[in-house]
Amino acid sequence: MTKLPSNGDDYKLFVDDPSNVGIVRSVKEWKALLETPNNPLNTLSPEVIQAFSDSLVFEPGGLAHAEYGMLADTLTYRQFEEVWACFGISMAYFGDVKDFYCRAPKQCDFRTGSVCTIYCQGGKSE
């Protein structure tokens with residue numbers, strides 16, 4: 001895979017570029033990935049997979065929000081890294097967006113165990 005971007009502006013350019021194939025940009029693409037042998041969550045229980053999947057919020061272009069606490073407790077670092085790579089998120093960019101949630105358009109507020117990316121346009125109800 002191509003080197004993943006390390007900041008929000010580069011992340012948006014990367015995900016918006018249709019030549020970067022294999023990046024999950026929608027619920028439909030996420031569900032399709034879960035059906036493949038390359039599923040990065042294949043070692044987890046169906047309940048954890050469902051909880052993570054239910055937390056995903058996509059806006060036009062890419063992932064806006066996710067809850068990751070259930071993954072951090074059960075995956076190795078490498079597996080955790082592979083999950084975020086599916087969305088085009090490097091661990092450097094993850095470090096910038098972790099522990100924030102998408103409260104309102106372009107407003108990421110602190111919350112442990114959440115991710116809020118540059119695609120935050122809506123709100124994630126609590």
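Guide: With the naming of elements: strands are DSSP runs of E with at least two residues, and helices are runs of H or I with at least four, both numbered from the N terminus. In that scheme Gly 113 is found in strand 4. Keep in mind that this is a predicted model.

Visitor: Is Gly 113 buried or exposed?

Guide: The cut-off for buried is under 20% relative accessible area. Gly 113 has 9%, so Gly 113 is buried. Leaving aside neighbours within four places in sequence, Gly 113 is in contact with Ala 66, Glu 67, Tyr 68, Gly 69 and Asp 99. Gly 88, by contrast, is 25 residues from Gly 113 in sequence and 19 Å away in space, C-alpha to C-alpha.

Visitor: How many strands are in the sheet, and what is their order?

Guide: The sheet is open and has four strands, in the order 1-2-4-3, with antiparallel pairing. Strand 1 and strand 3 (98-104) are the edge strands, each pairing on one side only. From one strand to the next the twist averages 40°.

Visitor: How many bridges join strand 1 to strand 2?

Guide: Three bridges join strand 1 (residues 57-59) to strand 2, and the two run antiparallel. Phe 58 stands opposite Leu 63 in strand 2, and Glu 59 has Gly 62 as its bridge partner there. The hairpin of these strands has two residues between them, and Gly 61 takes a positive phi near 115°.

Visitor: Which residues other than glycine have a positive phi?

Guide: Two cases can be named. Asp 99 has a positive phi of about 65° although it is not a glycine, and Lys 106 has a positive phi near 55°. Asp 99 lies in strand 3, while Lys 106 is found in the loop between strand 3 and strand 4. Asp 99 counts as buried at 16% relative accessibility, whereas Lys 106 is exposed at 67% relative accessible area.

Visitor: Let us turn to helices. How does one read the faces of a helix?

Guide: An α-helix has 3.6 residues a turn, so residues three or four places apart point the same way. In helix 1 (residues 8-16), the buried residues are Gly 8, Tyr 11, Phe 14 and Val 15. Seen down the axis of helix 1, they fall within an arc of 120°, so they line one face of the helix. Asp 9 and Leu 13, on the other side of helix 1, are exposed.

Visitor: What covers the buried residues of helix 1?

Guide: The cover includes strand 2 and helix 6.

Visitor: Which contacts does Leu 34 make beyond its neighbours in sequence?

Guide: Leu 34 lies in helix 2 (residues 27-34). Leaving aside neighbours within four places in sequence, Leu 34 is in contact with Asn 39, Leu 41, Ile 49 and Ser 53.

Visitor: How many aromatic pairs does a search of the whole structure find?

Guide: A pair of aromatic rings is described by the distance of the centres and the angle of the planes. The search of the whole structure finds 14 aromatic pairs. For Phe 80 and Phe 94, the ring centres are 5.2 Å apart and the planes are at 90°, so the pair is edge-to-face. This pair links distant parts of the chain, 14 residues apart: Phe 80 in helix 5 (residues 77-85) and Phe 94 in helix 6 (residues 91-97). Both Phe 80 and Phe 94 are buried.

Visitor: Which residues do ring pairs link into a cluster?

Guide: The cluster consists of Trp 30, Phe 52, Phe 58, Tyr 68, Phe 80, Trp 84, Phe 87 and Phe 94.

Visitor: Which residue lies over the face of Tyr 101?

Guide: Arg 111 lies over that face, at 4.0 Å from the ring centre of Tyr 101.

Technical notes
Residues numbered from 1 in each chain as written. Predicted model: local features only at pLDDT ≥ 70, side-chain atom pairs only at ≥ 80, totals over all residues. Heavy atoms only, no water. Phe/Tyr/Trp six-rings, centres within 6.5 Å; stacked < 30°, edge-to-face > 60°. Buried < 20%, exposed > 50% of the residue type's maximum accessible area, 1.4 Å probe, protein only. Lys NZ or Arg CZ within 6 Å of the ring centre and 35° of its normal. Pairing = 2+ DSSP bridges. Contact = heavy atoms within 4.5 Å. Axes fitted to C-alpha atoms, helices over the stretch in contact; angles between N-to-C directions. Arc of directions from axis to C-beta.
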